[in-house]
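Please look through the structure shown below before reading on.

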Amino acid sequence: VAWLDKIDRRYAWIKRQLVDYEEKYGRMFPAEWCMTERIAVEFCHVTRAELSKIMRTRAKEIEVKLLLFAIQRTTNFEGLLAKRFSGCTLADGTVKKAEVPPPSTNPFLEDETGAETDEIVIEKSDTDKPKKPKVPDNPFHGIVSKCFEPHLYVYIESQDKNLGELIDRFVADFKAQGPPKPNVDEGGAVLPSCADLFVYYKKCMVQCSQLSTGEPMIALTTIFQKYLREYAWKILSGNLPKTTSSSGGLTITSLLKEKEGSEVAKFTLEELCLICSILSTAEYCLATTQQLEEKLKEKVDASLMERINLTGEMDTFSIVISNSIQLLVQDLDAACDPALTAMSKMQWQNVEHVGDQSPYVTSVILHIKQNVPIIRDNLASTRKYFTQFCIKFANSFIPKFINHLFKCKPISMVGAEQLLLDTHSLKMVLLDLPSIGSQVVRKAPASYTKIVVKGMTRAEMILKVVMAPHEPPVVFVDNYIKLLADCSTDTFQKILDMKGLKRSEQSSMLDLFRLRLPAPPPGGDSSGSLSLSAPTPEQESSRIRKLEKLIKKRL
């Protein structure tokens, strides 16, 4: 009868005894002696000691349901005591009187208390202890239930097991139901399992904080961290579409084909939507994990707040977001590769007239128009990550385009004009990329526009240098330095290759180019960037004379 399953009998017994006492002896003692409360408090001390003793000897018999039953009945009894008694006989009974502070002479106190009530949102982020009001609300809190705290590991182990089963169920459900359906109207669908996980977390956190605000809360936090990481890797990262077979081998195969129409294996509509859905879910988890950390700090004792830190778990969700964006970029980037390869293999020296944009440009635009609207619509609720996708694609595609531009050699004047037209077409499409195919025209983010303008303007300048006549050489070199501001001999060499100059001509041009560059400062790194300061008139005439002699000898 002393075991936890019969704990109700203890509280029923003391209720009867208190009623009996008040009927028989209540009037025999002065009211200010609070005899009834003293009897109840003494009962609590004895009960706590006896429960502690019996739970130590029968610890192996404690199951989580039995433990929670006993705690619930005990906290209900403590609540009943709080309604009936003031707690004035307790050692810390002064807490009750602290609720009504003495009149203050501070003229700003009223304003401060008013500001606190008005600024509820700010108060949440402070390191105040919102749990502290629990003590004056119920001075009897823990007077008996404190004895259960050493055995709360049973509860923590149970939650560990339950959360493990929950994650396994999420994995099985995902495999059975498949990825979420495309949700274009409302943006990317957040996986419902993440909401279920955090609802369960909230339930556990509230329940545990009612049992204890000490070490058990830290243990529960550790369990939360474990399953946040598992959710990130098993449900989110584990279900991202694989790219090894689609973008690796097939891209190489397509590059070996000379046909412009050869295509790489792209993600399907469902796979693109799945990636966006996982990205949106990771963002939701990231934000909710931050809120969870704040709530846990509110619930735990002030001395333990520093031990609650979910930064590592937030970083894990950030990695999932980054990987998802990278997959979307790689997919579109790889889809454009065959078109760029076709561009570099065209016979640009044989182009006879400038027409409309080339077929390879049309192919790139087609892939952009196929992918970007789907990604934008499915990331409508996470606009900043769509902007990140656009920026990363521009940073990947534009350097790749310029590298393929250098492979277009030799180029005739008309060929260079056609390439310049194509480059301008691509530049306009890239500038419009964030809102391409959208009925609502929204101005592209300035950070994105700056990248596109800088990168594609460089491509245009390369072609303008190629189109410029290489006679006289000095003018050509100066024109190159002016348009590209690039001191790299490698880049200059590539320009000369595009123009189709002979090796002997290239050699003299490179010598002139090196002469035109200012000498590096003493002790400076010659490989670093060089300042393009204008030479003095004396240096100018001396260099020109040397170069003219050099060219005459070679030619």
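Which residues in helix 18 meet Met509, Leu512, Phe513 and Arg516 in helix 20? They are Pro473, Val474, Phe476, Val477, Asp478, Tyr480 and Ile481, where contact means heavy atoms within 4.5 Å. Ala, Val, Leu, Ile, Met, Phe, Trp, Tyr, Cys and Pro count as nonpolar, Asp, Glu, Lys and Arg as charged, and the others, Gly among them, as polar.

The model is predicted, and local features need pLDDT of at least 70, side-chain atom pairs count only at pLDDT 80 or more, and totals for chains, interfaces and linings use all residues. Residues are numbered from 1 along each chain as its sequence is written, and side-chain values use heavy atoms, with hydrogens and water left out.

The protein has 21 helices and zero strands. Both are DSSP runs numbered from the N terminus, helices being H or I with at least four residues and strands E with at least two. Of the 555 residues in the protein, 44% are buried; buried means under 20% relative accessible area, exposed over 50%, and partly exposed in between, with a 1.4 Å probe and protein chains only. Among contacts in the protein with a separation of 6 or more, 82% are between residues 24 or more positions apart.

Two packed helices are described by the angle between their axes and the distance between the axes. Axes are lines fitted to C-alpha atoms, for helices over the stretch in contact, and angles run from 0 to 180 degrees between N-to-C directions. For helix 18 (residues 473–484) and helix 20 (residues 503–516), the axes come within 10 Å and cross at roughly 55°. Helix 18 and helix 20 are therefore oblique to each other. Angles under 35 degrees count as roughly parallel, over 145 as roughly antiparallel, 65 to 115 as roughly perpendicular and the rest as oblique. The crossing of helix 18 with helix 20 is right-handed. A crossing is right-handed if the near helix is turned clockwise from the far one by less than a right angle, and left-handed if anticlockwise.

Helix 16 (residues 413–432) packs with helix 17 (residues 446–467) at an angle of about 175°, and their axes are 9 Å apart. Helix 16 and helix 17 are therefore roughly antiparallel to each other. Their contact divides into 15 nonpolar, four polar and four charged residues. On the helix 16 side the residues include Leu419, Leu420, Thr423 and His424; on the helix 17 side they include Val452, Val453, Met456 and Glu460.

Asp432 lies in helix 16 and is partly exposed, with a relative accessible area of 37%. The C-alpha atoms of Asp432 and Lys443 are separated by 8.5 Å, and the two residues are 11 residues apart along the chain.

How do helix 12 and helix 13 cross, and at what angle? The axes of helix 12 and helix 13 (residues 311–345) come within 9 Å and cross at roughly 160°. That makes helix 12 roughly antiparallel to helix 13. The crossing of helix 12 and helix 13 is left-handed. Among the residues that make the contact are Leu279, Ala282 and Leu286 of helix 12 and Phe317, Ile321 and Leu328 of helix 13. The residues of this contact divide into 15 nonpolar, five polar and four charged.

Glu294 is found in helix 12 (residues 269–299) and is partly exposed, with a relative accessible area of 39%. Its C-alpha atom and that of Met305, 11 residues apart along the chain, are separated by 9.7 Å.

Two threonines come next. Thr213 is found in the loop between helix 9 (192–211) and helix 10 (215–236) and is buried, with a relative accessible area of 17%. The side chain of Thr213 makes a polar contact with the side chain of Asp301 at 2.6 Å. A polar contact is a pair of N or O atoms within 3.5 Å; within protein, one must be able to donate a hydrogen and the other to accept it, and residues adjacent in sequence count only if both atoms are side-chain atoms. Thr221 is found in helix 10 and is buried, with a relative accessible area of 3%. A polar atom of the Thr221 side chain lies 2.8 Å from the backbone oxygen of Met217. Not counting residues up to four places away in sequence, Thr221 touches Leu296, Ile308 and Leu310.

Most residues other than glycine have a negative phi, and most peptide bonds are trans. Cys34 has a positive phi of about 50° although it is not a glycine, and Cys34 is placed in the loop between helix 1 (7–25) and helix 2 (35–57). A cis peptide bond joins Lys409 and Pro410, with omega about -10°. Pro410 lies in the loop between helix 15 (383–406) and helix 16.
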